[in-house]
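Q: Hey, could you walk me through this one? I'd like to start with how the elements get their names.

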Amino acid sequence: MSALPIRRRWSLWVLAGLVLAYTIGLMVPDSGFNPFVDGFLSMAAGWTSVAVCWAAAYRAGRDRRSGRGRRDGHGRPEVLLAAGAVTANTLGDTYELIQRGTGFAGYPSPADAGYLLFYVLFLASLIVLVRRQLRGSTRTMILDSVVGSLGAASLLAVLLTPALNAAVAKPPTLGTAVAIAYPMLDLLLLAAIAGIVASHGPESGRRWMLLVSGLMIFTGADVVFALAPDLYLIGTPLDATWAIAIALITLWVDRSGAPRSTAGRGTGSMSAVAVPAVSILAGLGVLILASQAPVSGLAVLLAALTMAVATIPLIGRQRVLRVLSRTDELTGLPNRRAFYTDVPGRLGAVDAGRRSALLLLDLDRFKEVNDSLGHDVGDRLLVQVGVRLAGQLRATDLLARLGGDEFAVLLVNSGHDEAVLVAGKLRAALAEPFLLEGITLHSSASMGIAVHPDQGNDLTSLMRKADMAMYKAKSTKSGHHVYRSDDDSHGDLRLRTLQELRSAIGNDELELHYQPKVDLATGNVHGVEALVRWNHPTRGLLLPEHFLDLVEEAGLMPGLTRIVLNKALDQAVLWRAQGEQLTVAVNLSASSLVDRDLPDRVGAMIASRGLPASVLTLEVTEEFLLNDRERARDILTRLRVLGVRIAVDDFGTGYSSLAYLRDLPIDELKLDQSFVFPMIDDERAATLVSSAIALAHSLGLQMVAEGVENSVAYNELVRFGCDSAQGYLVSRPVPAGELDVWLADRKVTAIVRGAS
């Protein structure tokens, strides 16, 4: 209160002092009406409250005219109505005091008009507040507020049953109407309190506690008076409760009239949840009590309404929960639960002689998007994929997201040919670039197709066969594949291979072969590329294309990368001990390069072996460089700072511009073999190779040609000024022992030629 203006602060202190003095005075036993306590102090406290309220109303009006009221969420109506209510109550007290002083006491009297007007005006003020609070609220919050109001009113109606019955039993007169009006207005007042608490919770802190506390004290005093009106005497402590209640209400009015910053609503408050729950229990308790004891009909009616209104949000929530349980929260499509529930009924409704098709779709290399760009970008990609897929389907088709990057489509009354046609449309839709986080992404999908009833009469068998067909499409890179009987063995082979691969990686059963790179200017060998092989116990030596896709899908690439780096660096140590200063190049997948700790681990591996960092060349793909330029720059720069060389593998096969050559720390380009093969008899291909070499040199980069298999291509590359070459003409990838023999033979041959 210390921050308030001085005049406003003193007026509140004066009010508090008068109410305190009045309360203490009522506690002192006396023989009846005390002019000082029951007269002066009572009226001074009442009219001070009136003055404070009207001062607040004046401030609210001034702030509204200046525009602050609208920004703060405050306006004049509720403050003005509350000030009028306090004034009406004080006028009633004043008239009542005058009646007592003159010895004339009639009932009803003009004092009752003031008291009744207090209820009317203050309820109108609360209506304005509750309407503002519930504006823009959810339907559930509004219903909770109504339930809270009805439950509180039903409970109070039980307490007021004697007063209501006594008033109804009297002859219909003005006095009877007034006697009934008071408890009815108390019901409304308590209902308003419950509605405020249910909708506000503890919003605005002490300010709302002042109002709720004041109204509850006021209502409590009215209930005590209504239950025993004949026992009431002026000058008893009961009079203090009305004075304290009016003082608390006055403090709330005073704060409502002052500008304040807008605070967020506490939608998750405990009281906002507890009030409806307690009200439901209260309504249930009233109905149980009515079956055992006499209770007013009004209480029963209010309790019944409480229970009836309470069921509305319960039914609504049940429906919402049912929808949510069947809906994928990311894409809004039906989820796995909905798909497994709905498909059997749709299959059973297929026209006689007609077929249906199940398409199982899995995005290719989606894990790399998640790893390189983050799961939030991956989620947005899935949303766009869902939209594109839905745009290619009929209203009768069922599209669902089963989880991760896997989608399923049921084509009712569609056979083999229709399913293949739809698969082509879906693949074409996904082939269009996606723009995410300012990056253009190209996506593709592998689809497996199973036809009902030819390949299964139930969803379980169809899903299993579509899954096998999908992995067949993924392994053959065909885009889509319709299930055939021999796919069963392929599926079993895949699962068995995956298990064996886990064991091979865990037990260090993989080996490296090395392919030398020849310096085209001197004919010397200064470096090799390390290529992983799997010496399978029953299937023989497996090349990377037979198992790397499985490694990626199973998330085993980080482990494989560590094995390859360790083996390659260990071999570099052995070669240096033998006097061979060979550099080693290792391919890194995009999923390995997204690891921000990779530079530190690579640096530790090199340092622990006492090798110079320049011994290692890391080959990365254009796809990684184009998809995540910022992450690529960060990781590659840190590797270059260590001294590790960076090469771009399969150069020329990317989708985007070559701007990354300018922006990223790159030492070497490896020209893809698809450019080298045709240049022997294709002048345009030769021109492309020559131009690529010139581009690399103009940027200060070295060019390595891959796939050199004949002397014509070799000689052309020498003529174009290419720096290095590797391919079958030079040597196939061979184990380290065979490479040692090859290098030794090459040295002997060079010595013989030199001697001759």
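A: Helices (H or I, at least four residues) and strands (E, at least two) are DSSP runs, numbered from the N terminus. This is a predicted model, where local features need pLDDT of at least 70, side-chain atom pairs count only at pLDDT 80 or more, and totals for chains, interfaces and linings use all residues. Residues are numbered from 1 along each chain as its sequence is written, and side-chain values use heavy atoms, with hydrogens and water left out.

Q: Great. How many helices and strands does the protein have?

A: There are 29 helices and 17 strands.

Q: And what share of the residues is buried?

A: Of the 756 residues, 49% are buried. Buried means under 20% relative accessible area, exposed over 50%, and partly exposed in between (1.4 Å probe, protein chains only).

Q: Where does N413 lie?

A: N413 is in the loop between β3 (406-411) and α16. N413 is not a glycine either, yet has a positive phi of about 55 degrees. For context, most residues other than glycine have a negative phi, and most peptide bonds are trans.

Q: Speaking of peptide bonds, is the one from H452 to P453 cis or trans?

A: The H452 to P453 bond is cis, with omega near 5 degrees. You'll find P453 in the loop between β6 (445-452) and α17 (459-476).

Q: Switching to packing: at what angle do α20 and α22 cross?

A: Roughly 25 degrees, and the axes of α20 (residues 557-577) and α22 (residues 598-608) come within 10 Å. Axes here are lines fitted to C-alpha atoms, for helices over the stretch in contact, and angles run from 0 to 180 degrees between N-to-C directions. The two helices are therefore roughly parallel to each other; angles under 35 degrees count as roughly parallel, over 145 as roughly antiparallel, 65 to 115 as roughly perpendicular and the rest as oblique.

Q: Which residues make that contact between α20 and α22?

A: On α20 they are R562, L565, N566 and L569, and on α22 they are V602, M605 and I606. Contact means heavy atoms within 4.5 Å.

Q: How about α15 and α16, how do they pack?

A: Helix α15 (residues 375-391) packs on helix α16 (residues 416-431) at about 140 degrees, with the axes 9 Å apart. That makes α15 oblique to α16. V385, R388 and L389 of α15 meet L426, A429 and L430 of α16.

Q: Now the core. Which residues touch the most other members of the largest nonpolar core?

A: In that core of 79 residues, they are V586, L616, L618, V644, L669, M703 and L717. A nonpolar core is a set of buried Ala, Val, Leu, Ile, Met, Phe, Trp, Tyr and Cys residues joined through side-chain atoms within 4.5 Å. Helix α20 gives the largest share of this core, nine residues.

Q: What is L616 in contact with?

A: Leaving aside neighbours within four places in sequence, L616 contacts L565, L569, V584, V586, V602, I606, V644 and R645. Apart from this core lies another, of 35 residues, with A57, A83, A85 and I249 among them.

Q: Last one: what share of the contacts with a separation of 6 or more is between residues 24 or more positions apart?

A: In this protein, 71%.
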